[in-house]
Amino acid sequence: MHAAAERAVKGTTADQAAFVKSGYADAQRRDRTARDADERHAREVTAASRDFVRKIAERDPGEQVRVAAQWALRPGAVDADVDEFFDYGWASGAALDLEAYRLRVADAEVERHRVLMRLIAAASEAEEALKDSADVAKARAVAERAWQDMARHADAASKAWTAEQDLAEGQAGNWREIARLSAEGSEQLWKRISGAAGSSRDAWTAEQAEAARTVESWKKLLEQAEANSARLHT
């Protein structure tokens, strides 16, 4: 309406008269229509955002992200809770999920290496005992079983890390898609998660690569243990 009035002021006397007669009412109707459209758009965005948060609450691969989304949609929640999820809860939940993953895999790997050291020591002792054993066949069988025990442990560790690799890859793909949506979306609500989405994508991509490297290291240990077992079997 302001633009229409400005044009009338700058126009001729006839333009000003026409604006006073009917232009003001026309401009007011156009303004009202535009405002109504904006309000409908805002409601549509809120509904679409709520639907997306609901999907996250049900299917996101991160437990803490799911919890944050569920809280944003809890009974009695309002639009501000959804806003807060995009502004803070989503990124906070993602950071907690990443940290929980790192702590869990680190603790599990410490325990695997503790067991590995024990198995290597047992196999090495069995090999040493074989040198001076009066019953070579029996001592050889003991040493062979010791290396087989290590092989089974390495195989289990490799499989466990393959599962972790798949998990990290899934998270990386999930955040890659969120980063894309936040970059392409026109709504400010989505823009808020853009930085956190990119950081989470990169972090999980790095975790996936590290898991892949760890899988290969355990596979090499498996091959070594199998080779030692085969050597004693001949």
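Helices α4 and α7 are roughly parallel to each other. The angle between them is about 10°, which falls under the 35 degrees that count as roughly parallel. Their axes lie 12 Å apart. Helix α4 covers residues 79-131, and helix α7 covers residues 194-233. All of this is read from a predicted model.

Which residues of α4 make this contact? They are Ala 91, Ala 94, Asp 97, Leu 98, Tyr 101, Arg 102, Glu 109, Arg 112, His 113, Leu 116, Glu 127 and Leu 130. Helix α7 answers with Ala 196, Ser 200, Ala 203, Trp 204, Glu 207, Ala 211, Thr 214, Trp 218, Leu 221, Arg 231 and Leu 232. By class, the contact of α4 with α7 has 13 nonpolar residues, 3 polar ones and 7 charged ones.

Now step back to the whole chain. The protein chain has 7 helices and 0 strands. The chain has 234 residues, and 34% of them count as buried. Its accessible surface comes to about 14000 Å². Carbon and sulfur atoms hold 54% of that surface. What share of contacts between residues at least 6 apart in sequence joins residues at least 24 apart? The share is 71%.

The largest nonpolar core has 48 residues. Phe 85, Phe 86, Trp 90 and Trp 175 touch the most other members. Two or more residues come from each of α2 (13-59), α3 (63-72), α4, α5, α6 (188-191) and α7.

Take Trp 90, in helix α4. Is Trp 90 buried or exposed? Its relative accessible area is 0%, so Trp 90 is buried, the limit being under 20%. Beyond residues up to four places away in sequence, Trp 90 touches Phe 52, Ile 56, Val 65, Phe 85, Trp 175, Ile 178, Trp 190 and Ile 193. Ile 193 is 103 residues from Trp 90 along the chain, yet their C-alpha atoms are separated by 7.6 Å. Phe 85 has its own set of partners, with residues up to four places away again not counted. Phe 85 touches Val 53, Ile 56, Val 65, Ala 68, Ala 69, Ala 72 and Trp 90.

Ala 211 counts as buried because its relative accessibility is 0%. Neighbours within four places aside, Ala 211 is in contact with Tyr 101, Trp 161, Glu 164 and Gln 165. Tyr 101 is also one of the α4 residues in the contact with α7. Asp 166 lies 45 residues from Ala 211 along the chain, with 8.8 Å between the C-alpha atoms.

Helix α5 (residues 136-184) contains Ser 158. Ser 158 is buried, at a relative accessible area of 5%. Leaving aside neighbours within four places, Ser 158 is in contact with Val 215, Trp 218 and Lys 219. Trp 218 also belongs to the α7 residues that contact α4.

How accessible is Ala 230, another residue found in helix α7? Ala 230 has 42% relative accessibility, so it counts as partly exposed. Between Ala 230 and Gln 148, the C-alpha distance is 9.3 Å, and the two are 82 residues apart in sequence.

Definitions and conventions: Residues are numbered from 1 along each chain as its sequence is written. This is a predicted model: local features need pLDDT of at least 70, side-chain atom pairs count only at pLDDT 80 or more; totals for chains, interfaces and linings use all residues. Side-chain values use heavy atoms; hydrogens and water are left out. Helices (H or I, at least four residues) and strands (E, at least two) are DSSP runs, numbered from the N terminus. Buried means under 20% relative accessible area, exposed over 50%, partly exposed in between (1.4 Å probe, protein chains only). Contact means heavy atoms within 4.5 Å. Accessible areas come from the Shrake-Rupley method with a 1.4 Å probe; for residues, only the protein chains shown count as cover. Axes are lines fitted to C-alpha atoms, for helices over the stretch in contact, and angles run from 0 to 180 degrees between N-to-C directions. Angles under 35 degrees count as roughly parallel, over 145 as roughly antiparallel, 65 to 115 as roughly perpendicular and the rest as oblique. Ala, Val, Leu, Ile, Met, Phe, Trp, Tyr, Cys and Pro count as nonpolar, Asp, Glu, Lys and Arg as charged, and the others, Gly among them, as polar. A nonpolar core is a set of buried Ala, Val, Leu, Ile, Met, Phe, Trp, Tyr and Cys residues joined through side-chain atoms within 4.5 Å.
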